[in-house]
Amino acid sequence: MALVEIKVPQLSESVAEATLLQWKKKVGDSVAIDEILVEIETDKVVLEVPAPSAGVIAELLAADGATVIAEQVIARIDPEGKAVAAVPAPAAAAVASVAAPTPAAATVGGAMAGVAMPAAAKLMADNQLAAGSVPGTGRDGRVTKGDVLGAVAAGAAKSVAVTAMPASAPARLLPQVAAPAINLGDRPEQRVPMSRLRARVAERLLQSQATNAILTTFNEVNMAPVIEMRKRFQEKFEKEHGVKIGFMSFFVKAAVHALKKYPAINASVDGTDIIYHGYFDIGIAVGSPRGLVVPIVRDADQMSFAEIEKKIAEYGAKARDGKLSIEELTGGTFSISNGGVFGSLLSTPIINPPQSAILGVHATKDRAVVESGQVVVRPMNYLALSYDHRIVDGREAVLGLVAMKEALEDPSRLLFDI
């Protein structure tokens, strides 16, 4: 029976190549159908590659850290259960010598005692850390990026000889090995390559600042009405919908309320044209072990509070586990960044291109404010709206933020759309 090829999954149109993180099997290991063999990182998501057939790993044609493209054959399985020592092409043979034969490399690519997050698995491979050598402190004992960095700083990294590839081998298949730690006494340093996601985020942020005329307007909102409403209905809401009502659903609803009134805030620039979107796809910035991601809550104007809360909870879990799909991260007409969950009091968020605006939400703190000539204490939150001044005038931006403020200070406005 012929060997079964394992290929790189189809990537999105905007993604030309990806990075192979770490093989979970080595040549000669048996695999079950649909068992995850390796994870591939793009600049947006981490894709899992399952075994298309049960059998034995016969060949590994791409090493940990290799750059790969869609539909590229990266391994082969012998479905009859016998490892096949096929004679590979010169370039493939060179890659195989990196990926499989040495005992040390097999230890790195073999089965893991504790599940490592994608970014952690990549760092372990880069620093030649044996599987199971780093204790996990994450959820369910998972090994996080911080665990690996801590192990490296403590001297856990071991140098492993890597067979040099011939000059004729494609440069894109060379593994990305991190530079060794530099011992400076009590001032150690470690040089590691950027992940694809981190590099893409950096590129987009620089693009945003270079191409947009970014200006930020601020306002403050009294969160007491929202807090009181949540407190009043939390128990019934959770019992009815199976999810707690948080603050973010109120911010999403308030944002949509303002975007309907001021369409330029929901627009984007395409060359010399302005595209006014007749739908409301709200990006919610979420921190993940791999970095910042912005999954999209589509048609937010048609969703209830419960539906928004469920979708945000779903995205949060997927972001932690590295399970967000390319489709869930693509598009969006407006974004919300909640730095308040980390304690931020004030910031100027950067626009997520090609969108024209982004709302920054911050920590709610009790502050002294003046109401009817009296100094009172209220739970206040500073809101920041960064906007592209090329298509959004200051008047629209300020009034749009005021509309959000008014909707949060009197949530009944959202019911009557006023």
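This is a predicted model: local features need pLDDT of at least 70, side-chain atom pairs count only at pLDDT 80 or more; totals for chains, interfaces and linings use all residues.
Student: What makes the span of α6 close to the expected one?

Tutor: Helix α6, residues 224-241, has 18 residues and reaches 24 Å from its first C-alpha to its last.

Student: Which residues of α6 are called buried, and what do they pack against?

Tutor: They are V226, R230, Q234 and F237. Buried means under 20% relative accessible area, so each of these residues falls under that cut-off. The buried residues of α6 pack against α7 (248-261), α8 and α10 (394-409). Just after α6, G242 takes a positive phi of about 75°.

Student: Why is D299 called partly exposed?

Tutor: Its relative accessible area is 31%. D299 sits in the loop between β15 (296-297) and α8 (305-321), and its phi is near 50°, a positive value in a residue other than glycine.

Student: Why is S372 called exposed?

Tutor: Exposed means over 50%, and S372 has a relative accessible area of 79%, so the word applies. S372 is not a glycine, yet has a positive phi of about 55°. Its place is the loop between β18 (365-371) and β19 (374-388).

Student: What kind of peptide bond joins P353 and P354?

Tutor: The bond is cis, with omega about 10°. P354 is in the loop between β16 (334-338) and β17 (357-361).

Note on methods
Residues are numbered from 1 along each chain as its sequence is written. Side-chain values use heavy atoms; hydrogens and water are left out. Helices (H or I, at least four residues) and strands (E, at least two) are DSSP runs, numbered from the N terminus. Buried means under 20% relative accessible area, exposed over 50%, partly exposed in between (1.4 Å probe, protein chains only). The expected span of a helix is 1.5 Å times one less than its number of residues. Contact means heavy atoms within 4.5 Å.
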